[in-house]
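Welcome! Please take a moment to look over the sequence and the 3D view below before reading on.

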Amino acid sequence: MTISTPSRARRTRKTRAETSEAIRQSLFLAAAVVVGKHGYADASISRITQAAEVAHGTFYNHFESRQDLFEQLLPALGEMLLNHVTGAVASESSAPEREDARLKAWFSFLEEHPEFYRILNEGEVFVPDVFRQHVGRFGAGYLRTLRRAKERGELNDFTDEELEPVAYILLAARAYLTFRYGRSEDAAAPVPDPVFSAYRKLLKHGLFAADAAKPDPADKEG
């Protein structure tokens with residue numbers, strides 16, 4: 001039998017700060033699941049702490065209130081989504097391929113985090129300021145992407161003023177395609193292939209210039 005020395009025990013034992021952060025993360029992840037299942041209105045602190053397997057009073061060591069926690073959910077999950085999509089798009093060299101990858105990454109993210117759909121959709125009512133910031137951030141990011149594509153000559157004849165509406169049209173497409181094809185009894189569902197092929201054809205003939213489909217190995221999205 002091996003007996004740990006005091007120094008080894010100190011190295012493997014979590015610090016108080018690490019333990020506190022682990023509990024906070026547990027509460028945070030539990031809240032995401034509870035809101036995803038029951039909605040903001042019925043995501044009580046007791047349900048959250050029960051799902052996180054911590055005492056009710058422990059909640060207030062990490063969050064000022066239930067609303068405080070709610071207002072942190074969407075930004076954190078939004079950051080995870082952004083990283084997920086960025087990683088999926090990084091290896092694609094042409095504009096149509098990148099856009100196809102964005103849509104597929106959106107649905108693959110929902111497969112991993114199905115709770116995000118409800119957190120986002122109900123956010124407009126329960127965390128309106130955070131919701132507006134989220135939509136504004138993603139809209140601005142999409143607009144930057146479209147402007148870069150226009151500079152590379154990958155878009156059809158859209159004016160600078162038209163690019164922002166285009167960005168929000170593409171974001172709205174994700175939402176409604178998810179509502180129709182990506183949900184099944186409050187869980188993520190496999191998306192039929194025709195959804196992607198229809199999206200791809202629509203953008204190929206409506207958004208992107210004819211020669212945008214030609215890959216440029218030197219072109220990487222920033």
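## The chain as a whole

The model you are looking at is predicted. Its chain has 9 helices and 0 strands, so if you follow the elements from the N terminus, they read α-α-α-α-α-α-α-α-α. The chain has 222 residues, and 39% of them count as buried.

Contacts across the sequence are also worth a look. Among contacts in the chain with a separation of 6 or more, 69% are made by residues 24 or more positions apart.

## Helix α3 and its buried side

Helix α3 covers residues 45-52, and its buried residues are Ile-45, Ile-48, Thr-49 and Ala-52. These four sit on the same side of α3, because they cover an arc of only 95° around the axis.

What do the buried residues of α3 pack against? Their partners are two other helices, α2 (16-38) and α4 (66-89).

## Glu-53 and the annotated region

Just after α3 comes Glu-53, in the loop between α3 and α4. Its phi is positive, about 60°, although Glu-53 is not a glycine. Is Glu-53 buried or exposed? With a relative accessible area of 73%, Glu-53 is exposed, because that value is over the 50% cut-off.

In the model, the end C-alpha atoms of residues 44-63 lie 13 Å apart. The span is 40% helix and 0% strand.

Asp-100 belongs to helix α5, which spans residues 95-112. The relative accessible area of Asp-100 is 12%, and Asp-100 is therefore buried, as the cut-off for buried is under 20%. Which residues does Asp-100 contact, leaving aside its neighbours within four places in sequence? They are Phe-196 and Arg-200.

Leu-120 is found in helix α6, made of residues 115-126. Leu-120 is another buried residue, at 13% relative accessibility. Not counting residues up to four places away in sequence, Leu-120 touches Leu-74, Trp-106, Phe-131 and His-134.

## How α8 and α9 pack

The last stop is a pair of helices, α8 (residues 160-181) and α9 (residues 193-206). They pack at an angle of about 160°, and their axes are 12 Å apart. Why do α8 and α9 count as roughly antiparallel to each other? The angle of about 160° is over 145 degrees, the cut-off for roughly antiparallel, and α8 and α9 are therefore described that way.

The crossing of α8 and α9 is right-handed. To find where the two helices meet, look on α8 for Leu-170, Ala-173, Leu-177 and Tyr-181. Their counterparts in α9 are Val-195, Tyr-199 and Leu-203.

Note on methods:
Residues numbered from 1 in each chain as written. Predicted model: local features only at pLDDT ≥ 70, side-chain atom pairs only at ≥ 80, totals over all residues. Heavy atoms only, no water. Buried < 20%, exposed > 50% of the residue type's maximum accessible area, 1.4 Å probe, protein only. Arc of directions from axis to C-beta. Contact = heavy atoms within 4.5 Å. Axes fitted to C-alpha atoms, helices over the stretch in contact; angles between N-to-C directions. Parallel < 35°, antiparallel > 145°, perpendicular 65-115°, else oblique. Left-handed = near helix turned anticlockwise from the far one by under 90°.
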